[in-house]
Amino acid sequence: MLFKQQALLRQKLFVLGSLAIGSLLYLVARVGSLDRLQPLCPIDGRFGPRGQDEIPLRALQFKRGLLHEFRKGNATKEQIRLHNLVQQLPKAIIIGVRKGGTRALLEMLNLHPAVVKASQEIHFFDNDENYAKGIEWYRKKMPFSYPHQITIEKSPAYFITEEVPERIYKMNSSIKLLIIVREPTTRAISDYTQVLEGKERKNKTYYKFEKLAIDPNTCEVNTKYKAVRTSIYTKHLERWLKYFPIEQFHIVDGDRLITEPLPELQLVEKFLNLPPRISQYNLYFNATRGFYCLRFNIVFNKCLAGSKGRIHPEVDTSVITKLHKFFHPFNQKFYQITGRTFNWP
Ligand code: A3P
């Protein structure tokens with residue numbers, strides 16, 4: 001009898017304990033997300049003084065919850081009107097470079113409460129068919145946001161497409177432009193790896209990187225190979241500079257974004273005139289993935305898809321050396337123009 005009573009008591013204590021731990025975890029999660037939701041400071045001085053435009057923390061959090069629903073496309077017209085939601089043209093665009101870490105940069109910036117990302121690559125400015133649909137079509141592709149937030153989109157093809165600088169200039173001549181770069185040879189191999197994987201998925205064969213990167217007739221670097229051309233950053237940037245002053249660009253170090261993302265993100269916050277809100281808490285290293293992943297709060301975190309961070313094929317060292325030598329003068333010019341120096345060979 002006594003044994004039975006003790007067992008019952010133990011059971012009750014277990015249930016009460018679980019409830020207490022559950023509540024505690026819930027509270028910590030709430031506090032974690034509240035911490036991220038401090039009222040926002042001005043971007044480009046568009047807001048009034050602190051207090052005037054502030055939304056009380058609870059309301060803001062409630063709104064962010066709703067915003068998440070809206071981003072998923074569940075917004076009714078009434079909800080949009082009630083919460084003053086808008087689809088805004090981007091204030092900043094990640095224009096490239098393909099395989100530079102554009103997705104990681106966009107997702108990490110989206111940790112900032114004042115930033116709303118366009119999840120898909122929209123390809124408005126580089127695709128003639130899309131461009132012909134007009135600016136309203138583009139705006140309608142943007143996620144819902146509060147008027148004080150900024151929308152950011154990324155389409156890495158913009159950087160290398162001839163017509164894009166002029167088209168973006170016509171939309172907004174003072175837009176902020178982000179370019180994330182990696183050591184050019186590594187980027188070219190990453191580019192190749194992505195194409196190779198696509199071929200393999202379709203059971204197709206493909207050339208070795210060496211064969212594409214080196215012209216067999218001259219034994220020189222094959223500048224007709226797109227993966228090589230894309231890595232000549234200075235050539236592309238020079239086209240952009242015909243429309244935008246260098247101050248409107250910010251160069252992100254894609255190699256450092258992999259190993260040490262926070263300082264790179266803090267530089268972007270500064271460039272975008274955003275109050276510093278992304279912290280080390282939002283980024284944690286996942287040893288299994290071998291990359292930093294994102295932590296929104298204690299309950300919600302995510303790593304990038306497996307297609308980011310592929311294993312590159314081994315490339316002949318003489319080809320690597322040739323590419324390093326080839327890119328060297330272009331890199332020097334790139335440092336000179338941008339004022340940002342990298343330890344590239
Ligand atoms: P690799 O696949 O060559 O490693 P993009 O998004 O522009 O296609 O760039 C993809 C690259 O982003 C990947 O190239 C990867 O190295 C890099 N990257 C940077 N930060 C990352 C992160 N936190 N998680 C996964 N990949 C990241």
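**Exercise 1. How far is an oxygen atom of the ligand from a polar backbone atom of Gly309?**

Keep in mind that you're looking at a predicted model. Work out this distance, then build up the rest of the ligand's surroundings.

*Solution.* 
- Step 1: Start at Gly309, where a polar backbone atom sits 2.9 Å from a ligand oxygen.
- Step 2: Move on to Arg310, which also brings in a polar backbone atom, 3.0 Å from an oxygen atom of the ligand.
- Step 3: Now try a side chain: His312 has a polar side-chain atom 2.6 Å from a ligand oxygen.
- Step 4: Check how much of the ligand is covered. On its own the ligand exposes 570 Å², and the protein buries 96% of that.
- Step 5: Count the neighbours. There are 18 residues around the ligand, and the closest are Lys99, Thr102, Ser190, Tyr292 and His312.

**Exercise 2. Take Lys99 and decide: is it buried or exposed?**

*Solution.* 
- Step 1: Find Lys99 in the loop between β2 (92–96) and α4 (102–109).
- Step 2: Look at the record: an unreviewed UniProt entry lists Lys99 under "active site".
- Step 3: Apply the cut-off. Buried means under 20% relative accessible area. Lys99 has 12% relative accessibility, so it counts as buried.

**Exercise 3. Sort out the salt bridge between Glu107 and Arg103, then compare it with another pair.**

*Solution.* 
- Step 1: Get the distance: the closest N and O atoms of Glu107 and Arg103 are 3.0 Å apart.
- Step 2: Widen the view: Arg103 and Glu107 are linked with Lys117 and Lys302 in a network of salt bridges.
- Step 3: Turn to Glu136 and Arg139, whose closest N and O atoms are 2.7 Å apart. They're 3 residues apart in helix α6 (residues 135–140), so about one helical turn separates them. Glu136 is partly exposed at 41%, and Arg139 is partly exposed at 24%.

**Exercise 4. Which residues make a nonpolar surface patch of about 390 Å²?**

*Solution.* 
- Step 1: Name the members: Tyr281, Ile298, Val299 and Phe300.
- Step 2: Pick Ile298, which is in the loop between β9 (291–295) and β10 (301–302).

Definitions and conventions
Residues are numbered from 1 along each chain as its sequence is written. This is a predicted model: local features need pLDDT of at least 70, side-chain atom pairs count only at pLDDT 80 or more; totals for chains, interfaces and linings use all residues. Side-chain values use heavy atoms; hydrogens and water are left out. Patches are made of residues with over 30% relative accessible area and no salt bridge: like charges are joined within 9 Å, nonpolar side chains (Val, Leu, Ile, Met, Phe, Trp, Tyr) within 5 Å. Accessible areas come from the Shrake-Rupley method with a 1.4 Å probe; for residues, only the protein chains shown count as cover. A salt bridge is a side-chain nitrogen of Lys or Arg within 4 Å of a carboxyl oxygen of Asp or Glu. Helices (H or I, at least four residues) and strands (E, at least two) are DSSP runs, numbered from the N terminus. A residue is near a molecule or strand if one of its heavy atoms lies within 4 Å of it. A polar contact is a pair of N or O atoms within 3.5 Å; within protein, one must be able to donate a hydrogen and the other to accept it, and residues adjacent in sequence count only if both atoms are side-chain atoms. UniProt positions are given in the numbering used here, feature names are shortened, and annotations may be inferred rather than shown by experiment. Buried means under 20% relative accessible area, exposed over 50%, partly exposed in between (1.4 Å probe, protein chains only).
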